Amino acid sequence: MAAAPRLDINEDGGQRRISVLGDWRLIELLRGHNDAMRELESLRVRPDDIWDFSGLGSLDSAGALLFWRCWRGQRPGTIEGAGEHERWLERFSDAHLERPALPGRMAGLSGFLPGLGALLAGFAIQGYGVLLCGGQFLVDLWHCVQNPRLFPRREFTASVYRVGTQALFLNAFLGLIVGFVLTWQVGGQIAQFGLNQAVIGAIGLAFTRELGPFIAALVLVGRTGSATTAGIGAMHITEEIDALRAFGVSPTLRVAMPRILAMTVAMPLLVVWTDFWGIVGGIYISSVKLGVTWQMWLNQFPGSVPIENYFLGVGKGAMFGFIIGITSVYYGLRAPPDTQGLTQNITRSVVVGLAMVLVVESAMGIAFSGIGL
Amino acid sequence: MSGREEVVRVRDLRTQIDGNVIHEQVDLTAYRGEVLAIIGTSGGGKTTLLREIIGLREPNGGTVEIFGQDVHRLEWREEHELRKRWGMMFQQGALFSALSVFDNVAFPLRELRKRGEHLPDDLVRQLVMFKLQLSGLSADDANKLPATLSGGMIKRVALARALAVEAELLFLDEPASGLDPETARDLDSVLKDLHEELNLSVVMVSHDLDSVAALADRIIILAEKRILFEGTFAELGRSEALEQDVVKRLFKGPRGAAARARMKG
Ligand SMILES: Nc1ncnc2c1ncn2[C@@H]1O[C@H](COP(=O)(O)OP(=O)(O)O)[C@@H](O)[C@H]1O
Ligand SMILES: [Mg+2]
């Protein structure tokens with residue numbers, strides 16, 4: 001079948017006759033038959049060489065390109081027997097074979113400072129964008145209040161289902177585990193002082209005030225937020241966002257608003273649910289380990305954990321839901337329509353979402369330190 | 001015909017998706033060095049057939065052999081080797097969105113090079129640039145990202161990528177759709193040249209009867225889940241398959257003129 005590519009060079013009275021034999025094809029070259037290719041690469045052309053192609057089996061563009069390179073982009077004086085292969089050799093004469101330069105990157109310090117500037121500017125732009133996204137949400141919501149038929153009910157209920165219902169198990173599981181572990185450790189300390197019943201206040205406060213909202217927020221960022229960014233970003237790739245716009249439907253109203261609203265509404269409920277399971281975990285461990293029964297819990301809980309903490313936790317949940325909602329929606333809407341850009345934006349969405357949760361968590365911790373403790 | 005080497009051989013293929021039968025008793029053969037065109041109605045299962053031939057989807061019954069090897073019964077390593085012997089152009093382009101046009105076309109070449117063979121970097125670069133221009137793109141398009149291309153340009157990049165390694169067998173899913181008539185003709189002549197020069201075997205799906213009439217040595221009509229006809233245009237002209245309504249409708253109208261002319265002469 002295919003014959004290995006070969007060069008046959010005969011010197012005859014100072015004039016060379018270069019016979020090209022076999023199949024000069026990429027497949028052949030890659031099969032390890034590239035001695036001839038190296039030979040051709042190192043060959044120095046002379047103007048009076050005779051190139052004899054009559055023994056050539058077949059030639060593809062890679063093969064033809066090798067000759068073209070050897071000839072330094074010019075047809076040699078004499079080509080014999082090229083016949084139909086001539087076409088390939090011709091094709092290169094008006095092809096532009098150099099890749100246009102990529103936009104250069106600056107190196108060293110001269111590149112570092114602008115790079116740092118761009119990074120900071122990027123942060124500023126993204127922060128501003130997330131804020132705008134929140135503003136747009138309020139505007140869209142106001143539109144829907146004025147004109148309730150605009151409200152995207154199906155998207156909203158579907159989002160609530162994804163954000164809330166589908167996260168119930170995970171939230172309960174994490175709440176329970178943290179409840180177990182925390183009570184085990186705190187309980188050990190408290191028991192040394194014989195203050196076993198203080199565990200009710202400690203665990204109750206910890207969950208209603210801090211841990212419930214925090215666990216729910218972690219789940220929301222990692223599970224729902226990233227999925228939201230990915231989902232909206234993918235809608236860019238499939239041009240669904242453009243299709244919405246083309247039909248006169250606002251993507252922020254139809255895509256962003258129901259998702260943000262769903263997170264804001266579902267989060268307080270998830271917080272209550274997580275609180276519940278965390279405290280169940282606490283009751284179980286304390287009744288086994290510390291002898292604090294569930295009846296004691298029921299009796300003393302209202303006294304040790306003022307009701308303000310409960311509202312504080314639920315409010316925090318709504319706050320976290322809103323923040324994570326606008327962050328994940330923003331990074332989804334801003335995602336470039338390619339896989340790499342989308343991946344980068346999903347990462348950002350999670351990182352920024354978490355950072356915002358931590359910042360708000362600490363700020364609220366300070367701001368409300370006088371309430372409910 | 002019987003002495004020619006078979007490159008693709010499909011026997012008794014059956015496909016069922018979500019309870020709907022898409023193909024039934026599909027037999028087809030492609031010989032070395034020919035252009036085989038599959039034509040048929042939209043949604044008739046042409047893309048699905050192509051995907052099953054190249055092993056992207058497991059058929060519900062029947063066998064597919066390429067170069068005499070059963071595509072769906074191969075060891076991982078053998079399959080890997082076999083896949084390097086053909087090029088595929090997808091209907092929607094299927095470009096890697098994170099890679100530039102240049103890198104998309106260079107991709108199959110660089111994959112080949114991973115076997116450690118000698119393929120200099122600048123040769124790859126020049127080959128890619130050449131393939132881009134062969135497919136009707138300009139050198140300036142090389143650094144663009146797929147998201148910034150027009151539909152026709154995506155088609156051409158996809159073709160350039162399918163041609164990159166100049167494999168002996170080429171599968172094309174509607175290469176001409178979405179191109180302006182002039183570019184479509186350019187593409188025809190590029191394919192014709194390649195095919196004559198390299199003795200390339202081509203299996204193409206096409207709606208464009210002009211292009212089929214210009215390129216195809218043999219045609220296959222896939223309609224109503226079956227192969228209604230397999231043979232040359234001249235044979236189709238004499239065949240009773242032409243009596244069937246589906247087939248009549250395919251070749252009706254001004255767009256079938258070139259094809260009808262080939263049936264006659
Ligand atoms: N992944 C899939 N899931 C369900 N149905 C499919 C899928 N892919 C193809 N089909 C169905 O198979 C049929 C054939 O599709 P296709 O092969 O794309 O047609 P063609 O390429 O001939 O236009 C269509 O009816 C399509 O709806
Ligand atoms: Mg199709």
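Which strands of chain B does helix α5 lie across? I looked this up at the start, in a predicted model. Helix α5 (residues 151-163) lies across β6 and β7 of chain B. It runs at about 175 degrees to β6(B). Angles run from 0 to 180 degrees between N-to-C directions, with axes fitted to C-alpha atoms, for helices over the stretch in contact (heavy atoms within 4.5 Å).

Notes on conventions. Residues are numbered from 1 along each chain, and chains are lettered from A and ligands numbered from 1, as written. Local features need pLDDT of at least 70, side-chain atom pairs count only at pLDDT 80 or more, totals for chains, interfaces and linings use all residues, and side-chain values use heavy atoms, without hydrogens and water.

Next I traced the sheet. Its 6 strands run β6-β7-β8-β3-β9-β10 in chain B, open and mixed in pairing. Helices (H or I, at least four residues) and strands (E, at least two) are DSSP runs; two strands pair if DSSP finds at least two bridges between them. I found β6 (86-89) and β10 (226-231) of chain B at the edges. β9 (residues 218-223) and β10 of chain B pair antiparallel over 5 bridges. There, B:Ile220 has B:Glu230 as its bridge partner.

Then I turned to ligand 1. B:Lys46 has a polar backbone atom 2.8 Å from a ligand oxygen. A polar side-chain atom of B:Thr47 lies 2.6 Å from an oxygen of ligand 1. The protein buries 55% of the 560 Å² that ligand 1 exposes alone (Shrake-Rupley method, 1.4 Å probe). Helix α1(B) gives the largest share of the shell, 3 residues.

Methods:
A polar contact is a pair of N or O atoms within 3.5 Å; within protein, one must be able to donate a hydrogen and the other to accept it, and residues adjacent in sequence count only if both atoms are side-chain atoms.
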